[in-house]
Amino acid sequence: MFKKLTYTFILTGLCLSQTLTPAGAASTKDTQTKNYSLDFGQAVYQVKTSPGQGQAVTYRAYEDIVYVKHPVDLTYQTMNIYIPENYFHRQSQGQYTAATAPIFFPNTVGGYMPGAAGKPGMDNRTGKENAALIALSKGLVVAEPGARGRTNKNKAGLYTGKAPAAIVDLKAAVRYLRFNDKKMPGNAERIISNGTSAGGALSSLLAASGNNKDYEPYLQALGAAKVRDDIYAASIYCPITNLENADKAYEWYFDKIYNYARRGMPGMMPSPGGALPVLPPNFKPRVVTGTMTTAQIQLAKELAPTFPAYVNSLGL
């Protein structure tokens with residue numbers, strides 16, 4: 001049995017994915033029935049052109065699409081869909097056609113906070129094209145779903161975004177794409193989910209829980225399309241999945257290190273709407289340093305030896 005682990009692994013903190021500006025009013029609202037249409041054929045679009053990798057990318061932007069009939073929170077239960085303009089003229093884009101193009105499905109969730117539907121463009125942290133714009137330039141269809149998170153509340157003050165709300169929302173968005181597969185370019189059998197940190201964990205769960213019946217009552221309550229919600233693949237970055245053992249892992253890894261230095265981020269507490277702020281261009285975080293308290297040090301000493309015991313119990 002190991003007293004200390006000898007292999008290398010990656011520990012992740014609150015690795016926040018960029019949270020974008022919340023989506024506005026949906027364009028597919030049925031004002032007579034107070035329901036929302038799941039028919040992509042009713043969606044409106046704008047033709048946009050953005051700088052891509054080496055050349056401009058022209059695409060149709062279908063934004064603020066409500067992907068369930070009975071949304072709980074219109075700020076987050078929307079999706080933006082971007083399709084290369086070439087596909088509407090029977091032309092290819094990169095190595096793909098309208099029939100073969102995979103659908104890139106990135107979420108903006110970070111810290112299990114709500115994440116609004118994202119958009120292709122320039123990353124304000126790197127000054128380069130973000131993943132959605134790169135995907136478009138390569139010929140992928142891009143569908144960027146919003147999802148509720150742990151801070152969402154309704155007018156009565158009740159929490160509406162706690163588990164399993166986020167994964168249910170992503171599944172509902174997948175179902176919307178499958179339901180409309182014949183009405184839009186892109187291959188719904190090739191949906192590739194993407195996420196970072198908590199968004200990576202949700203991307204993992206989305207891939208691993210396709211068509212799981214446990215989620216069906218939640219999806220029916222939202223009025224999600226009655227089709228499959230499995231996906232083709234998941235692109236995952238520093239996923240926060242094993243939360244119940246994360247503290248043990250940190251204290252084992254940083255054994256007897258009681259001074260800390262961390263990056264101070266602006267507005268780390270969420271706004272009333274729940275979303276973390278978008279980082280300003282060329283943002284440079286300040287470094288916050290300190291020393292753990294006596295009580296924290298004692299707790300660290302108690303937690304550190306429990307992590308090897310946990311790993312050994314897995315029988316890997």
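User: How many salt bridges are there?
Analyst: The count comes to 12 salt bridges. Keep in mind that this is a predicted model.

User: Why would side chains pair up like that at all?
Analyst: Side chains of opposite charge can pair when their charged atoms come close.

User: Ok, which residue does Lys183 meet?
Analyst: Lys183 forms a salt bridge with Asp39, at 2.7 Å from N to O. Lys183 sits in the loop between α2 (165–179) and β6 (191–196), and Asp39 in the segment before β1 (46–51), so the bridge ties together parts that are 144 residues apart in sequence.

User: What about Arg228, which Glu does it bridge to?
Analyst: Arg228 has a salt bridge with Glu189, with the closest N and O atoms 3.1 Å apart. This pair links distant parts of the chain too: Arg228 is in the loop between α4 (216–222) and β7 (233–237), while Glu189 is in the loop between α2 and β6, 39 residues apart.

User: How accessible are Arg228 and Glu189?
Analyst: Arg228 is partly exposed, with a relative accessible area of 37%. Glu189 is partly exposed as well, at 34%.

User: Which Asp meets Arg228?
Analyst: Asp230 does, in a salt bridge of 2.9 Å from N to O. There is also a network elsewhere in the list: Lys171, Arg175, Glu216 and Asp229 are joined by salt bridges that share partners.

User: Switching topic. Where do nonpolar side chains usually end up?
Analyst: In soluble globular proteins, nonpolar side chains tend to be buried together.

User: And here, which residues touch the most other members of the largest nonpolar core?
Analyst: That core has 51 residues, and Phe40, Met79, Ile81, Phe105 and Leu177 touch the most other members. The elements that give two or more residues to this core are β2 (56–66), β3, β4, α1, β5, α2, α3 (198–208) and α4.

User: Which element gives the most?
Analyst: Helix α2, with nine residues.

User: Back inside. How many residues of β5 are buried?
Analyst: Five of the five residues in strand β5 (residues 141–145) are buried. Val141, Ala143 and Pro145 are on one side, Val142 and Glu144 on the other, and both faces are covered.

User: Which way do β3 and β5 run, parallel or antiparallel?
Analyst: Strand β3 (residues 78–84) and β5 run antiparallel, joined by four bridges. Asn80 stands opposite Glu144 of β5 there.

User: And β4 with β5, parallel or antiparallel?
Analyst: Strand β4 (residues 103–106) pairs with β5 in the parallel sense, over two bridges. Ile103 has Val141 in β5 as its bridge partner.

User: What do β4, α1 and β5 make together?
Analyst: With helix α1 (residues 131–138), strands β4 and β5 make a right-handed β-α-β unit.

Notes
Residues numbered from 1 in each chain as written. Predicted model: local features only at pLDDT ≥ 70, side-chain atom pairs only at ≥ 80, totals over all residues. Heavy atoms only, no water. Salt bridge = Lys/Arg side-chain N within 4 Å of Asp/Glu carboxyl O. Buried < 20%, exposed > 50% of the residue type's maximum accessible area, 1.4 Å probe, protein only. Pairing = 2+ DSSP bridges. Right-handed = clockwise from strand over helix to strand, strands pointing away. Core = buried A, V, L, I, M, F, W, Y, C linked by side-chain atoms within 4.5 Å.
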